[in-house]
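Reader: I'd like to go through this model with you, starting with the helices and then moving to a few loop residues. Could you put it up so that we can look together?

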Amino acid sequence: MNYKMMGRFIGRILLVEAVFMIPALLISLFKQEDRARVGFLASLGITILLSVLLLVLCRGSKRSFKAREGLVCVSGSWIVMSLLGALPFYISREIPSFLDALFETVSGFTTTGASILPEVEVLSMSILYWRSFTHWLGGMGVLVFVLAVGMLGESSKGFTMHLLRAESPGPQVGKLVPKMKKTAEILYLIYILLTVLNIVFLLFGGMPLFDAVCTAFGTAGTGGFGIKNDSIAGYSPYIQNVCTVFMLLFGVNFSCYYMLLLRQFYSVFKDEELRLYLGVILGSIVLITLNLKGFYDTFEETLRHVAFQVASIVTTTGFATTDFDLWPTFSKAIILGLMVIGASAGSTGGGFKCARVLIVVKGLRRNLRRAISPQKVQVVRINDHMVDEKVLENTNAYLSAYVIILFISFLLVSIDRFSITTNLTAVLSCFNNIGPGLEAVGPTCNFGDFSGLSKIVLTVDMLAGRLEIFPILILFSRSTWGRLKG
């Protein structure tokens with residue numbers, strides 16, 4: 001294991017994190033928020049000191065980097081980044097418990113949006129900004145950002161693919177262009193452009209600038225941290241509709257936007273994952289709207305709330321305009337299904353991903369055909385391209401790990417004696433990076449009443465869900481560390 005290269009990389013990640021704390025510090029200075037100012041100054045000092053220490057100790061490292069090291073490096077980076085990102089909450093005492101501060105920070109970076117806070121409006125403006133910004137930074141991925149700005153240098157091309165594969169969501173990661181750095185640049189340029197457009201449209205609706213920026217951060221990262229206790233419910237129908245549209249846009253595979261820029265409209269139209277994604281959304285909206293007939297005063301209000309919540313859950317954003325925990329059982333069953341399916345691969349959304357759903361369904365159909373005609377060669381095709389057998393194997397392995405982790409997490413969280421619905425949806429929402437669940441963790445509630453053990457389990461679930469399971473699982477594998485000793 002190339003420890004020095006890993007340490008050097010984590011040092012640069014922490015340097016980026018420190019730089020991104022500066023705007024929050026400036027807000028605390030401008031608004032004269034004394035406790036927050038102390039929290040950010042101390043956090044900046046600690047983060048920079050640790051970053052410099054790692055860079056000095058790990059200078060002169062070899063640039064060889066294998067897949068196993070990429071997985072460990074990515075998971076290690078996210079853990080260290082979360083530990084230090086929690087310091088402003090804890091040092092400022094705006095979240096007195098470090099475990100709660102860590103839960104909130106991991107929820108931010110993993111774009112989950114699950115919160116332990118009963119009231120967010122009591123937080124200082126600078127802390128609210130940092131809390132929302134963690135969504136934006138975690139949405140596309142801080143490692144992708146480091147690749148995009150070229151902090152690794154030109155000689156890093158031997159291992160950038162390992163890093164991108166470990167952090168990017170989806171069953172497989174490809175290059176938009178031949179150079180990995182250029183791919184990262186394109187992804188972040190699209191991400192920034194959509195975020196700016198989101199802010200502009202929110203401002204047109206009369207939303208204050210600070211609210212618009214924080215809301216756009218949560219929408220872009222599909223995170224869902226609101227700066228109001230009622231999330232998005234108190235804003236106008238126009239703003240709610242804008243959020244609905246942009247949540248759906250950020251749930252689309254970003255390669256589709258790149259193809260649109262290249263005017264490859266037919267390729268986008270024929271994209272099977274995009275069609276499944278849109279089909280699931282439209283079907284869910286129609287079914288829930290029919291089920292909620294008479295639940296709201298007007299059809300417009302019903303359609304607006306349904307479209308918003310479907311977009312929020314399927315993209316794993318977690319914003320809310322209404323308490324969907326009060327909806328009929330059939331509607332809540334659809335919501336649970338959307339929690340699992342999630343958004344598109346290559347988007348900022350979480351969940352199992354539409355691409356994996358396609359692969360699993362087509363793989364099942366292939367196996368049924370094999371049973372009927374054993375001699376006939378059967379392949380799985382998506383977008384007229386044959387899916388590699390390794391991708392099929394990895395998807396099946398991912399599904400197995402997904403189910404096992406859900407079950408073990410559910411058992412551990414159930415020690416707290418909440419209802420089955422509460423415990424199951426708490427695990428589903430954290431593991432799929434959604435935010436709200438049902439009953440005691442519904443859109444009007446929070447995760448603060450869970451025990452320390454449950455919060456640790458749910459925190460690990462959030463990291464595992466955001467990093468696509470394997471970078472976290474590899475940390476618990478004896479074979480990983482056993483090889484290091486040999």
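Reader: How many residues does helix α1 have, and how far does it reach from its first C-alpha to its last?

Author: Bearing in mind that this is a predicted model, helix α1 covers residues 3-30, which is 28 residues, and it reaches 41 Å from its first C-alpha to its last, close to the 40 Å expected at 1.5 Å a residue.

Reader: Where does α1 bend, and by about how much?

Author: The bend in α1 is about 25° and sits at I22, with a proline, P23, following within four residues. After α1 comes Q32, whose phi is positive, near 55°.

Reader: Changing topic to packing, at what angle do α11 and α15 pack?

Author: Helix α11, residues 237-250, and helix α15, residues 299-314, pack at an angle of about 35°, and their axes are 9 Å apart. The crossing in which α11 passes α15 is left-handed.

Reader: And which residues meet there?

Author: From α11 the contact takes in P237, Q240, N241, C243, T244, M247 and L248, and these meet R304, H305, A307, F308, A311 and S312 in α15. By type, the residues of this contact between α11 and α15 divide into seven nonpolar, five polar and one charged.

Reader: Now the loops: what is the phi of T222, and where does T222 lie?

Author: T222 has a positive phi of about 45°, although it is not a glycine, and it lies in the loop between α10 (209-220) and α11. For context, most residues other than glycine have a negative phi.

Reader: Is T316 buried or exposed, and what about its phi?

Author: T316 counts as buried because its relative accessibility is 0%, under the 20% cut-off. Its phi is positive as well, about 60°, although T316 is not a glycine, and its place is in the loop between α15 and α16 (329-341).

Reader: Back to T222 for a second, why is T222 called buried?

Author: T222 is called buried because its relative accessible area is 0%.

Reader: Last one, then: where does G113 lie, and what does G113 touch?

Author: G113 lies in the loop between α5 (98-109) and α6 (125-140). Leaving aside residues up to four places away in sequence, G113 touches S107, H135, G223, F225 and G435. G113 and G226 are 113 residues apart in sequence, yet their C-alpha atoms are 8.5 Å apart in space.

Reader: Why does G113 count as buried?

Author: G113 counts as buried because its relative accessibility is 17%, and the cut-off for buried is under 20%.

Definitions and conventions:
Residues numbered from 1 in each chain as written. Predicted model: local features only at pLDDT ≥ 70, side-chain atom pairs only at ≥ 80, totals over all residues. Heavy atoms only, no water. Helix = DSSP H or I, 4+ residues; strand = E, 2+ residues; numbered from the N terminus. Buried < 20%, exposed > 50% of the residue type's maximum accessible area, 1.4 Å probe, protein only. Contact = heavy atoms within 4.5 Å. Axes fitted to C-alpha atoms, helices over the stretch in contact; angles between N-to-C directions. Left-handed = near helix turned anticlockwise from the far one by under 90°. Nonpolar A, V, L, I, M, F, W, Y, C, P; charged D, E, K, R; others polar. Expected span 1.5 Å × (residues − 1). Bend = angle between axes of the 7 residues up to and from the residue.
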